[in-house]
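Please look over the model shown here before reading on. The report that follows takes up one topic under each heading.

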Amino acid sequence: MAYTYAYKPKVKSRSEVGSSRDVLREERQGLLATGGNGDDWQATRASLVRPVVQAGRQGGYGAVAAGNGGPRSEAPSFRSKAKTLLSAGDGMTADLTFENVSVISVPKNGSRDDTRNLTQLLNNVSGTVRAGEVMAVMGASGAGKSTLMNVLTNRNLSDNLMIDGIVKVNGTELGSAISKISGYVQQDDVFFPTLSVREHMEFQAALRIGRLLTKQERYQRIDELLNLMGLTKCQHTRIGLPGIEKSISGGESKRLAFATELIVNPAILFCDEPTTGLDSFMAEQVVNVLRQLAKRGKTIICVIHQPASHVFNMFSRLLLLAEGRVAYHGSCDGALRFFESLNFPCPESYNAAEHYIKTLAIAGGHVAECKEKVNAICDAFERSPDAAEVRKSIDVATGHEQDLRSVMLFDQTPSYRVSALVQLRWLVWRAMLDNMRNPDMFRVRTIQKIVVAVIYGMVYLHGVKPTQEGIQNINGALFLYMTENSFAPMLDLVAVFQRGIALFKREYAAYMYRLSIYYLAQVLGWLPSFAIDASVFCVITYFMVGLVPEWYKFLITFVICIITANVAAASGSLVSTISPSIDVGLVIAPTLTVIVMLFGGGVYLKLKTLPPYLAWLQWLSWFRYGNEILGIVHWQGVTNITCSADPQLPCITTGAEVMADNQYDPAKLGFDFGMLAALYAGFHLCAYFVLYTKNRKRN
Ligand SMILES: Nc1ncnc2c1ncn2[C@@H]1O[C@H](COP(=O)(O)OP(=O)(O)OP(=O)(O)O)[C@@H](O)[C@H]1O
Ligand SMILES: [Mg+2]
């Protein structure tokens, strides 16, 4: 496959496309870089185009296109120029065509051969959108709008979908590389709730633009985008979770989603219901922004629900879907004529958009009738001159396949904009900020630790003495170090990979970071809270309980508390990655903890009595190793255990006897530490492998 950039001399130019390209040409010549014509958007746009990009386009990409199909030896210069672009779509104009797109869903566990199980979600949907156009995709709920957007953007495609059809940009199939030239404002806004609007933009800019811009330039770009989207006022407000904690408004959230996608100046912008939930004034503003973007040469495809008349009239093109088929595709005016020709004229005082949706809706109680009507409309459209026009446009585009080598080369250059270290730094920053700012996860947890530690200390306050009764109390106290430092960290991480999965998938699809770095950042992000919790608990209880006040013993206990928390958290990571949902994870995690606790020996079980078919489980129990270390450290060198008054009762007088009774072997201290390290690494490696397997496909 061959790909090219903006200039498309072979494609017939149309008036609006021509005007948008003119603007781009102006930008290339640096005319807009000075801005200052009073038009907000224009000024913003001018500063959004970096001089270096203009230089790249001026000298490079025009020449590239002129040398369409030129020799491969030019590759290094393409590559070096590609590195100066904010994205593969930066400065490019893109005509999108899609031909006979069909999607069939297969139910989970259903066979693809059993046609009774299959549902047709899209049926031979074809269309075109040119650079400079804003196309509205409309249809009743369930008509297949989001499914079409997902196919066009090559994202969010579940494994149970069978997809057919051809999607081309400038006459060339890009496949998954379409994500490199396009932005996708999805139906649901997914953000990190604890970040502020500005912090979110800083994170996005850092990982999506990277070193292409200096920090100052990035901040300037953020300022401009926030200003453009009307978000300056709320830039320091936390994004929050709508309905759960105080957050930015729905409209602000939608505009933030736009700002996020525009950060790399994509050539095509897909928007799934950007105006849903907004008042008509806000909706108009959003669509107005889309129009302005189109005027600058962008290709906009926008799913929209029930727009007000004046908002509907702002679109230059319309695609009406009904029951997965095309009911109409063409100009907005043409739709009126088409429906009129089928005896569905739009009443005088009626909003045309509402009229189409109503005509194409499947009303409950009249399903068969409505489906028949919808099919008749779709059939009529297939025979109409509008459909013939669409087919012709697709053929023209196909006949003028563009050489998009630069996009290919962009694809071949390292996909990530920043180094692994920078990715890690930003991801850890975000994860830590999230932990620290989440009152449930941080403050409340620390308070809970203090309360539990004090109660625990009070329970053992006078019970830890070198007597026959004290032996059990000491062993019990030591074992509680294991339990208390296992449950919470494990449960903390059980939800970690599910909670952020939607955001992760989007950011991962946008090549913002590597999977391994994301995983590592999640682990590192939790380290401080585990360290703080374990330290608080250990320091308070050690002295309240009255364990031997020796530095060595205290230090080992302290270290074991922290290691235990981390090993438990690693097992929580594994549970999180293997569980299909948080709920399932929350069932698996406590079960696993009880098992490892039981097989940890100590107060619960003499390990040598285990039946052989279960004995292997002890090797997975971090309780076993941690408990043995604590037992050895605290009983070693103890020789003064007093016997009870009743001479009939058995008497243990030394720590060595206690260790022998509990099967603690002082020679195994190093082995135990090694096993804790091995379990920590093993759990994380398995968890990473599962995460990797689940996310091999980047969409
Ligand atoms: N992965 C999938 N598996 C099975 N069915 C699916 C899948 N994705 C979507 N569908 C079904 O396909 C139909 C179209 O869904 P889609 O989300 O595209 O509708 P929509 O037009 O965007 O609706 P809305 O306006 O409510 O967002 C729906 O009936 C939906 O249940
Ligand atoms: Mg939808």
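## The surroundings of the ligand

A residue is counted as near a molecule if its C-beta atom, placed from the backbone, lies within 6 Å of that molecule. By this rule 14 residues surround ligand 1, and the closest are Ser105, Ser141, Lys145, Ser146 and Thr147. Helices (DSSP runs of H or I, at least four residues) and strands (runs of E, at least two) are numbered from the N terminus, and helix H5, residues 145–153, gives the most to this shell, with three residues.

Ala, Val, Leu, Ile, Met, Phe, Trp, Tyr, Cys and Pro count as nonpolar, Asp, Glu, Lys and Arg as charged, and the others, Gly among them, as polar; on that basis the shell around ligand 1 holds three nonpolar, 10 polar and one charged residues.

## How the model is read

This is a predicted model, in which local features need pLDDT of at least 70 and side-chain atom pairs count only at pLDDT 80 or more, while totals for chains, interfaces and linings use all residues. Residues are numbered from 1 along each chain as its sequence is written, and chains are lettered from A and ligands numbered from 1 in the order in which they are written.

## The sheet

Two strands pair if DSSP finds at least two bridges between them, and six strands form an open sheet with mixed pairing, in the order S6-S7-S8-S3-S9-S10. Strand S6 (182–185) and strand S10 (325–330) are the edge strands, each of which pairs on one side only.

Strand S3 (residues 134–138) runs parallel to strand S8 (residues 299–303), and four bridges join them; Val134 stands opposite Ile300 in S8.

A residue is buried if 20 or more other C-beta atoms, placed from the backbone, lie within 10 Å of its own, exposed if 12 or fewer do, and partly exposed in between. Five of the five residues of S7 are buried, so this strand is largely enclosed by the rest of the structure. In a regular strand the side chains alternate between the two faces of the sheet. In S7, Ile268, Phe270 and Asp272 point one way, whereas Leu269 and Cys271 point the other way.

S7 runs parallel to S6, to which four bridges join it, and Tyr184 has Phe270 as its bridge partner in S7. Five bridges join S7 to S8, which also run parallel, and Leu269 stands opposite Ile300 in S8.
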